[in-house]
Amino acid sequence: YDAETLAKISKLKVESLIKISLKDKNHIVRYYAVAALGKIGDPRAVEPLVKVLLEDEYFYIHESAAEVLSKIGDPKTLEPFIKLLLEDKDWKIRVYATKALGKIGGLSAIDTLKKALEDEDRDVRKCAAQALGGLGNLEAIKVLIQAFQDGNEEGRRFVAESLREIVGDEKVLPVFISDFLSSATEDEFKAKRNLIITYIDKTNK
C-alpha cells in the first residue's frame, strides 16, 4: 500500500473502533478496542476514551483507558482526570488519574495533585508526590517542599523520594529546601539547582 491508502485504512479503523467496538456489549471487545486505539494514537479517540474512562463498568477497562489517554497526552483529558481524582471512591482509579495528570502536566494538574497529597489512601499520596516530582517545574517543586515541611513522617518520605530525583542526593535536601522557597523565577531555580549538583559532585569525589 502507498501512504495515502494506509492513511485511509487507519482512518476507517479508528472510526470503526470508536463507533462500534468501544460500544460493544462484550467487555473483552471493548478492552481490545481501547488497546488498539492506544497503539494507533489518533487524537480523535480522546473524547470517546474519556467517556469509557468515566462510564465503563469494568475497572480493568478504566485502567486501560487511563493509560492510553495519559500516553496521548491531550489537554482535553485534564478535566476528566481531575474529576476522577477528586470524586472517584475507588482508590485504584484515583491512582491512575494521579499518574495521568503527572504525565499530562499543566497548572490545573499541579493544583489537583497538591490536593492528592492529602488523599486518604497512601498509594494515591505517593503517586501524587511522584507525579509532582516528574513535572519538575518551579510550581510543582514548591508544592512538594511545602508538603515536606508540613507533612507527617510518611508524607515527608514520599516527598523526599521525589525531591531526591531532582536534587540528586538526600544529604543536601535540607539545604535545598531551606533555600528553595526564596527562588522567584525558573532561572534562579536552575542556577541554585546547578550549584547543588556541583556541591554533590565535590562531596562524592
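The legends below describe close-up views of a predicted model.

**View 1. Helix α4 and the helices that cover its buried residues.** Helix α4 runs over residues 59-72, and its 14 residues reach 20 Å from the first C-alpha to the last, close to the 20 Å expected at 1.5 Å a residue. Along this helix the buried residues are Ile61, His62, Ser64, Ala65, Ala66, Val68, Leu69 and Ser70. The cover over these buried residues includes α2 (27-40) and α3 (46-55), together with α5 (78-87) and α6 (91-104). Just after the helix, Gly73 adopts a positive phi of about 70°.

**View 2. Helix α6, from Asp90 at its start to Gly105 just after it.** Helix α6 has 14 residues, and the distance from its first C-alpha to its last is 20 Å, close to the 20 Å expected at 1.5 Å a residue. At the start of the helix, a side-chain oxygen of Asp90 comes to within 2.8 Å of the backbone nitrogen of Lys92. The buried residues of α6 are Ile93, Arg94, Val95, Ala97, Thr98, Ala100, Leu101, Gly102 and Ile104, and they pack against α4, α5, α7 (107-116) and α8 (122-135). Just after α6, Gly105 takes a positive phi of about 80°.

**View 3. Asp119 in the loop between α7 and α8.** Asp119 has a relative accessibility of 12% and therefore counts as buried, the cut-off being under 20%. Its side chain makes a polar contact of 2.9 Å with the side chain of Arg94, a residue of α6 that is also listed as buried. A polar atom of the Asp119 side chain also lies 2.8 Å from the backbone nitrogen of Asp121. When residues up to four places away in sequence are not counted, Asp119 touches Arg94, Val124 and Arg125.

**View 4. A cluster of tyrosines linked by ring pairs.** Tyr31, Tyr32, Tyr58 and Tyr60 are joined into a cluster by pairs of their rings, and the count of aromatic pairs in the model comes to 4. The rings of Tyr31 and Tyr32 have centres 5.4 Å apart and planes at 70°, so this pair is edge-to-face, a class that requires an angle over 60 degrees. Tyr31 also pairs with Tyr60, at 5.1 Å centre to centre and with 35° between the planes, and this second pair is tilted.

**View 5. Charged side chains over aromatic rings, at Tyr96 and at Phe148.** The charged end of Lys99 is placed over the ring of Tyr96, at 5.4 Å from the ring centre.

Methods: Residues are numbered from 1 along each chain as its sequence is written. Side-chain values use heavy atoms; hydrogens and water are left out. Helices (H or I, at least four residues) and strands (E, at least two) are DSSP runs, numbered from the N terminus. The expected span of a helix is 1.5 Å times one less than its number of residues. Buried means under 20% relative accessible area, exposed over 50%, partly exposed in between (1.4 Å probe, protein chains only). Contact means heavy atoms within 4.5 Å. A polar contact is a pair of N or O atoms within 3.5 Å; within protein, one must be able to donate a hydrogen and the other to accept it, and residues adjacent in sequence count only if both atoms are side-chain atoms. Rings of Phe, Tyr and Trp (its six-membered ring) pair if their centres lie within 6.5 Å; planes under 30 degrees apart count as stacked, over 60 as edge-to-face and the rest as tilted. A charge sits over a ring if NZ of Lys or CZ of Arg is within 6 Å of the ring centre and within 35 degrees of the ring normal.
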